[in-house]
Amino acid sequence: MKRTVIRGTGRYIPERLVTNQDLTQWMDTSDEWIKQRTGIEQRYWVKEEGGVGASDLGLEASKIALDRAGWKPEDLDLIIFATLSPDIFFPGSGCLLQHKLGLETTPALDIRQQCTGFIYGMATADAYIRSNMAKRILFVGSEVHSTGIDISTRGRDVAVLFGDGAGAVCLEGIDTDEDIGILTTVLHSQGKLADGLMLELPASRLNPRISVDIMNEARQFPKMNGQIIFKHAVRRLPEVTKETLEKANLSIDDIDLIIPHQANLRINQAFQNTMNLPDEKIFNNIQRYGNTTAGSIPIALDEVIEMNLVNKKNYTILFVAFGAGLTWGGVVYRFA
Ligand SMILES: CC(C)(COP(=O)(O)OP(=O)(O)OC[C@H]1O[C@@H](n2cnc3c(N)ncnc32)[C@H](O)[C@@H]1OP(=O)(O)O)[C@@H](O)C(=O)NCCC(=O)NCCS
């Protein structure tokens with residue numbers, strides 16, 4: 001049977017370290033408030049003067065993943081690019097990355113599923129591979145949040161959460177009798193709650209799409225109802241974990257590690273408590289990176305592989321995510 005396996009991963013984090021203390025020069029906040037509410041200690045942002053987009057971070061992560069897979073860009077049949085912070089409004093960052101990789105006509109598509117971008121990306125890649133539409137796929141999750149957030153006190157509830165960064169994964173379709181690779185995927189969305197976390201502009205429903213008046217109202221910055229997002233996240237993550245395991249016909253004991261999206265350490269701790277998981281079964285790195293949205297799970301996966309945590313045959317990881325949309329989902333992946 002056809003299965004989707006990981007051949008290489010990579011991550012790229014920009015160099016500009018921004019600690020919680022650094023944020024206090026622009027907004028009324030504190031290291032204590034941020035750590036206590038979110039677990040975040042620091043994040044990395046692209047250089048202040050701009051000029052670096054999601055595809056640039058994605059390119060660096062992709063080069064590492066391709067190198068580890070032993071692939072050239074020409075080997076790719078498809079690029080899937082997940083981001084909520086595309087370089088430009090259109091065309092998608094996948095097309096821009098395709099060109100930066102030196103490719104001529106390789107197809108590329110963007111996924112706009114925010115923090116659930118990795119899960120939707122894996123489901124899409126798996127569908128392409130299982131239906132023989134592609135054999136070698138590059139998935140990239142990349143975000144440049146720092147140029148789009150309000151770093152004044154007005155925007156502090158959102159601004160302290162987000163970091164820039166990219167992760168990339170090379171995926172290949174193989175024929176095997178072993179129960180390995182992407183075992184199952186589960187996807188959900190709930191547009192009814194879209195305004196719980198959204199960035200409105202530029203908006204096709206507005207004419208003009210952007211104006212000085214609108215900008216004076218700060219509508220070019222993301223808006224979030226933190227408590228709604230928190231409430232739904234701590235409900236949906238355990239729920240989708242159960243659903244994903246049931247679909248894969250597995251129990252939580254069959255899972256070696258859970259890599260959840262990194263939105264807030266408190267959300268992941270609540271999830272851990274609800275699921276009664278020991279510390280060693282759940283991976284968190286939000287303390288160092290903040291929420292890198294579509295980048296968070298592939299960055300974490302790359303770290304997990306680099307740390308040699310994948311240390312036995314049939315090591316099985318459950319990925320779960322929840323985010324704006326609302327969107328949420330799960331993926332079970334088993335290493336050979
Ligand atoms: C954002 C979040 C940390 C806020 O925590 P909270 O306990 O709900 O805090 P509240 O929004 O009730 O705000 C409490 C107070 O802190 C203030 N505050 C907000 N951001 C602050 C900051 N960065 N620093 C200091 N104070 C801040 C508020 O203004 C409010 O002040 P008030 O009581 O005088 O009105 C929390 O709601 C959260 O993490 N939600 C989920 C967000 C998320 O994960 N988003 C990404 C989804 S993928």
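Predicted model: local features only at pLDDT ≥ 70, side-chain atom pairs only at ≥ 80, totals over all residues.
Two residues are taken to be in contact if their C-beta atoms, placed from the backbone, lie within 7 Å.

I'll start with helix α3, residues 54-69. At 1.5 Å a residue, its 16 residues should span 22 Å, and the end C-alpha atoms are 22 Å apart, so the two values agree. The buried residues of α3 are Ala 54, Ser 55, Asp 56, Leu 57, Gly 58, Leu 59, Ala 61, Ser 62, Ala 65, Leu 66 and Ala 69. What do they pack against? The partners are strands β1 (2-12), β4 (78-82), β6 (136-143) and β7 (165-175), along with helix α4 (93-100). Just past the end of α3, Gly 70 has a positive phi of about 75°.

Next, Asp 126, which sits in helix α5, residues 117-130. Buried or exposed? Asp 126 counts as buried, because it has 23 C-beta neighbours inside 10 Å, and the cut-off for buried is 20 or more. Setting aside neighbours within four places in sequence, Asp 126 contacts Thr 4, Ile 182 and Thr 185. Thr 185 is 59 residues away along the chain, yet the two C-alpha atoms are separated by 8.7 Å.

Last, the ligand. It is surrounded by 20 residues, the closest being Thr 29, Arg 156, Gly 226, Ala 263 and Gly 323. Elements giving two or more residues to this shell are α2 (31-38), α6 (156-159) and α8 (226-248). The largest share, four residues, comes from α8. By class, the shell has ten nonpolar, seven polar and three charged residues. Domain 1 (2-175) and domain 2 (181-334) each supply at least three of the shell residues.

How values were computed
Residues numbered from 1 in each chain as written. Near = placed C-beta within 6 Å. Nonpolar A, V, L, I, M, F, W, Y, C, P; charged D, E, K, R; others polar. Domains from an automatic or database assignment. Expected span 1.5 Å × (residues − 1). Buried ≥ 20, exposed ≤ 12 C-beta atoms within 10 Å, placed from the backbone.
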